[in-house]
Amino acid sequence: MNAPASFDLEATKKGPTPADLEITVRDERFARGIEARRWWLNGDPVATAWMNALSATFPRGEAFFIESVKAFRDGADPKLTAEIRAFVRQEINHTREHVAFNRMAADAGYDIDAIDKRVEALLAELKDRPVILNLAATMALEHFTAMLGHELLKNPKYLEGADGDLGELWKWHSAEEIEHKGVAYDTWLHATRDWSRFKRWKVKSLMMMLVTVRFIKHRSEDTMDLLRQDGLTGWKWRLALAKYLLVSPGFLRRIVPGWLAYFMPGFHPWNEDDRELIQLYEGDFEDALLQPAE
């Protein structure tokens with residue numbers, strides 16, 4: 001049964017991706033030949049472990065994103081087709097750079113193979129699942145990465161004291177995640193154009209709930225595992241991670257409004273046009289134009 005018109009959670013036409021948006025492939029290289037500390041992020045073991053845990057998931061995760069989006073490119077309009085092509089090229093570069101970053105973490109003494117194996121096992125479970133559900137998962141995870149990228153660029157506190165050019169690596173990745181944040185969503189709208197609005201909302205919302213539970217659970221477990229490798233165990237360090245994520249700087253707390261927006265009528269990732277953060281990264285704005293979040 002179709003929902004009433006007032007429950008139109010996505011338009012049947014393509015969403016409000018800016019007409020003048022250009023997805024730029026910035027072929028940058030980082031984490032080459034630098035001498036980074038084991039706790040490379042301002043000497044903070046918790047912040048370092050959280051970022052290392054995220055990075056460990058990217059090579060396999062971004063390959064999954066690429067295949068999920070490419071599976072539905074047939075029949076897309078020329079603009080979306082070009083955006084998918086640029087999305088793929090950006091994600092390939094992200095994979096390359098996080099392979100280098102993960103190698104650096106391994107050289108610092110961390111065993112991150114368990115994280116990689118977890119991602120590999122999860123993706124193996126999805127092999128026989130309808131590909132439209134893989135796109136729904138990609139769409140949800142792309143919203144997560146865009147929200148986290150927004151935070152990293154908006155609040156310099158997250159990357160203060162990063163060794164070498166590692167902070168620039170995360171800023172670069174964040175800028176491109178913001179820039180292509182609508183691609184998976186627009187591909188979803190294209191792929192489900194024959195679905196009822198309620199069915200589209202139901203599937204994407206249930207998938208976001210599942211993705212959220214798994215994302216927070218697994219990344220927290222991965223972070224605690226990396227802290228254990230530093231000999232940092234027990235409730236003191238669990239509370240330290242909770243403080244980092246929920247209090248200061250508050251990674252997860254700060255993305256709650258953006259996460260809730262995903263379920264609201266008329267949602268589209270580009271309802272918030274935050275391209276000024278990309279321009280800030282590229283140096284087109286003075287630092288004074290964007291103040292750190294409190």
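**A histidine and its surroundings**

Tutor: Let's begin with H150: apart from neighbours within four places in sequence, H150 is in contact with I178, E272, D274 and L277, where contact means heavy atoms within 4.5 Å. Before we go on, this is a predicted model, in which local features need pLDDT of at least 70 and side-chain atom pairs count only at pLDDT 80 or more, while totals for chains, interfaces and linings use all residues. Residues are numbered from 1 along each chain as its sequence is written, and side-chain values use heavy atoms, with hydrogens and water left out.

H150 belongs to helix α4, residues 131–154; helices are DSSP runs of H or I with at least four residues, strands are runs of E with at least two, and both are numbered from the N terminus. With a relative accessible area of 11%, H150 is buried. Buried means under 20% relative accessible area, exposed means over 50%, and partly exposed is in between, using a 1.4 Å probe and protein chains only.

One of the contacts of H150, I178, leads us into α5, where I178 is among the buried residues. Helix α5 covers residues 166–179, and its 14 residues should span 20 Å at 1.5 Å a residue, which agrees with the 20 Å between its end C-alpha atoms; the expected span is 1.5 Å times one less than the number of residues. In α5, 12 of the 14 residues are buried, so this helix is mostly covered. Among them are W170, W172, H173, E176, E177 and E179. The partners that the buried residues of α5 pack against are α1, α2 (78–107), α4 and α11 (275–281).

The criterion is NZ of Lys or CZ of Arg within 6 Å of the ring centre and within 35 degrees of the ring normal. Elsewhere, K204 lies over the face of Y262, 4.4 Å from the ring centre. As for rings with rings, W50, F144, Y158, F215, Y244 and F251 form one aromatic cluster, and the whole structure holds 17 aromatic pairs. Rings of Phe, Tyr and Trp (its six-membered ring) pair if their centres lie within 6.5 Å; planes under 30 degrees apart are stacked, over 60 edge-to-face, and the rest tilted.

Stepping back, the chain has 11 helices and 0 strands. Its radius of gyration is 19 Å, close to the 19 Å that the globule rule gives for 294 residues, so the chain is as compact as a globular protein of that length; the radius is taken over C-alpha atoms, and the rule is 2.2 Å times the number of residues to the power 0.38. Along the principal axes, the C-alpha atoms fill a box of roughly 55 × 45 × 35 Å. Of the 294 residues, 51% are buried. Among contacts with a separation of 6 or more, 86% join residues 24 or more positions apart.

Finally, a few backbone details. The peptide bond from S248 to P249 is cis, with omega near 5°, and P249 lies in the loop between α8 (235–246) and α9 (251–254). A31, in the segment before α1 (45–70), has a positive phi of about 55° although it is not a glycine. A31 counts as buried, at 11% relative accessibility. N42, also in the segment before α1, is not a glycine but has a positive phi of about 60°.
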